[in-house]
Amino acid sequence: MPDHADDRADPGIHDLGYARLDTDRARRTGDPEVVYGAGKTPEQLVGILRTLHAAHPERAVLATRLSDEAMKAVQSEVPGAVLDLEARAATIGPLPEPAGTVAVVSAGTSDAPVAAEAALTARVYGAGVARVNDVGVAGLHRILAARADLDAADCLIVVAGMEGALPSVVGGLTGTPLVAVPTSVGYGASFGGIAALLGMLNSCAPGVTVVNIDNGFGAGVFAARVARNAR
């Protein structure tokens, strides 16, 4: 077993016993550690959020994929925490000044939770965010009407389930950098988002980057960094 005794002397590592927090990440990468809430108890989440917030109170801490019990615990035990019920996430601390714009485009209302996670993440990571909702390919006139929003953004996040066609359509309408997010929305043959994932990976539109199924967080990080650097 490795000896973690030296960790206690390292100001970049906070060992809580159940988690070893990387409080040096903001210095190394420009962005602080984010808390993935799934699988953690409400008590663990509260302890992690408090510690990370104390380590860098000037920058927001983000916790994603929170259960109902976790959200209740954070709301009652972490002063200043702000809940995003749609994204099932929470932040504590000030958001950075936005640099650049990320447009989060979602195909349908059922994709909204993943789109909301992507939007909140992009904001925490320092980009401004615009939402373009419910513009799936079943009604192409809706996405055509939003072309000005697509062209105005520095990076796009396109969220879709079912067959995952929307990123290909958007990629053919604009040259704005685009990251596609397949969701697990769809009937049985969608295989929990695998059909959308494969459709996006096989997109005929050039320049479409794809993250994992339902990974709004990963898309938000990527898009915010693109937008920040674009400005």
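This briefing walks through the cores, a helix, a strand and a few side-chain details of the structure above. Please keep in mind that the model is predicted. The largest nonpolar core has 27 residues, and a second, separate core has 20. The structure holds one aromatic pair, while a search for disulfides finds zero.

**The nonpolar cores**

- Among the 27 residues of the largest nonpolar core, the ones that touch the most other members are Val102, Val104, Ile157, Val159 and Val181.
- At least two residues of this core come from each of these elements: strand E7 (101–106), helix H4 (112–124), strand E9 (155–160), strand E10 (178–182) and helix H9 (216–230).
- Helix H4 gives the most, with eight residues.
- As general background, nonpolar side chains tend to be buried together in soluble globular proteins.

- Helix H3 spans residues 68–77, and its buried residues include Ala70, Met71, Ala73 and Val74.
- These four lie on the same side of H3, because they cover an arc of only 165 degrees around the axis.
- Glu69, Lys72, Gln75 and Ser76 are exposed, and the face that carries them is turned away from the buried side of H3.
- The cover over the buried residues of H3 includes helix H2 (42–55), strand E5 (82–84) and strand E6 (89–92).

**Strand E6 and its partners**

- Strand E6, part of that cover over H3, pairs with strand E4 (residues 61–64) through three bridges, and the two run antiparallel.
- Within this pairing, Ala63 has Ala90 of E6 as its bridge partner.
- E5 and E6 also run antiparallel and are joined by three bridges, with Val82 and Thr91 as bridge partners.
- A hairpin is formed by E5 and E6, with four residues between them, and Arg88 in the turn has a positive phi of about 55 degrees.
- In a regular strand, side chains alternate between the two faces of the sheet.
- Here Ala89 and Thr91 point one way from E6, Ala90 and Ile92 point the other way, and all are buried.
- Thr91 sits in strand E6 and counts as buried because its relative accessibility is 9%.
- Apart from residues up to four places away in sequence, Thr91 touches Val61, Leu62, Gly80, Ala81, Val82, Leu120 and Val124.

**Leu178 in strand E10**

- Leu178 lies in strand E10 and is buried, with a relative accessible area of 4%.
- Once neighbours within four places in sequence are set aside, the contacts of Leu178 are Leu156, Val158, Pro167, Val170, Gly171, Gly207, Val208 and Thr209.
- For a sense of distance, Leu178 and Ala38 are 140 residues apart in sequence and 27 Å apart in space, C-alpha to C-alpha.

**The aromatic pair**

- The pair is made by Tyr125 and Phe217, whose rings are edge-to-face, at 6.2 Å centre to centre and with 75 degrees between the planes.
- Distant parts of the chain are linked here: Tyr125 is in the loop between H4 and strand E8 (128–132), Phe217 is in helix H9, and they are 92 residues apart.
- The two partners can be described by their burial as well: Tyr125 counts as buried at 7% relative accessibility, whereas Phe217 is partly exposed, with a relative accessible area of 25%.

**The cysteines**

- A search of the whole structure finds zero disulfides.
- The cysteine sulfur closest to that of Cys155 is in Cys204, and the 19 Å between them is too far for a bond.
- Looking from the other end, the closest cysteine sulfur to that of Cys204 is in Cys155, again at 19 Å.
- Cys155 counts as buried, with 0% relative accessibility, whereas Cys204 counts as exposed at 74%.

Key: Residues numbered from 1 in each chain as written. Predicted model: local features only at pLDDT ≥ 70, side-chain atom pairs only at ≥ 80, totals over all residues. Heavy atoms only, no water. Buried < 20%, exposed > 50% of the residue type's maximum accessible area, 1.4 Å probe, protein only. Arc of directions from axis to C-beta. Contact = heavy atoms within 4.5 Å. Core = buried A, V, L, I, M, F, W, Y, C linked by side-chain atoms within 4.5 Å. Pairing = 2+ DSSP bridges. Phe/Tyr/Trp six-rings, centres within 6.5 Å; stacked < 30°, edge-to-face > 60°. Disulfide = S-S within 2.5 Å.
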